[in-house]
Amino acid sequence: ATLDELTNISNRRGFMALAQQGINFCIRQGIPASLGFFDMNKFKEINDAHGHAEGDKALITFAKHIKGTLRDSDIIARIGGDEFAALLINTPKHQAEEIIVRSKQLLDKYNQEEKREYEISFSHGIVDFDAEKHQSVEELLAEGDLLMYRNKKAEDLTKR
């Protein structure tokens, strides 16, 4: 099973296989790739305040949003829980950052239009693939996860 049944995007296993193929393609073609690592903000609070069914709806909405703002050629997955990843092929880090900023703006607009009791938002980390540095997709994910947590901490500090 390589598909996440809840969100209908790849699961971690599917992502690992597809992302490795994508990385191999980028190496052969000499083109850039970036990995985006995403974590939904306040997901536990959504579950606690509104129940797990509403938490599932939030995950589905977020997956649709990410899929809708990235390209069909990008490899998107729910890595686990409220964490998602995307491999953006033929996309250097600065372009990936621009795409993620646009994605956040569209999600903000969506939240304003929906007027639910909670907002869907996310923190992210973007890694520029480097064949010399990254020996595996796992290493890319680990670095993306670390960058996401650093960004999340910085966002939390600026909100205070």
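The legends below describe views of a predicted model.

**View 1. Overall fold of the protein, with 5 helices and 4 strands.** Helices (H or I, at least four residues) and strands (E, at least two) are DSSP runs, numbered from the N terminus. Their order from the N terminus is α-β-α-α-β-β-α-β-α. The radius of gyration, taken over C-alpha atoms, is 15 Å, close to the 15 Å from the globule rule for 160 residues, so the protein is as compact as a globular protein of that length. The globule rule is 2.2 Å times the number of residues to the power 0.38. The C-alpha trace spans about 50 × 40 × 25 Å along its principal axes.

**View 2. Crossing of helix α3 (residues 52–69) and helix α4 (residues 93–114).** The two axes come within 10 Å and cross at roughly 135°. Axes are lines fitted to C-alpha atoms, for helices over the stretch in contact, and angles run from 0 to 180 degrees between N-to-C directions. Helices α3 and α4 are therefore oblique to each other; angles under 35 degrees count as roughly parallel, over 145 as roughly antiparallel, 65 to 115 as roughly perpendicular and the rest as oblique.

**View 3. Residues in the contact of α3 with α4.** From α3 come Thr61, Phe62, His65, Ile66 and Thr69, and from α4 Ile99, Arg102, Ser103, Leu106, Leu107 and Tyr110. Contact means heavy atoms within 4.5 Å.

Residues are numbered from 1 along each chain as its sequence is written, and side-chain values use heavy atoms, without hydrogens and water. Local features need pLDDT of at least 70 and side-chain atom pairs count only at pLDDT 80 or more, whereas totals for chains, interfaces and linings use all residues.
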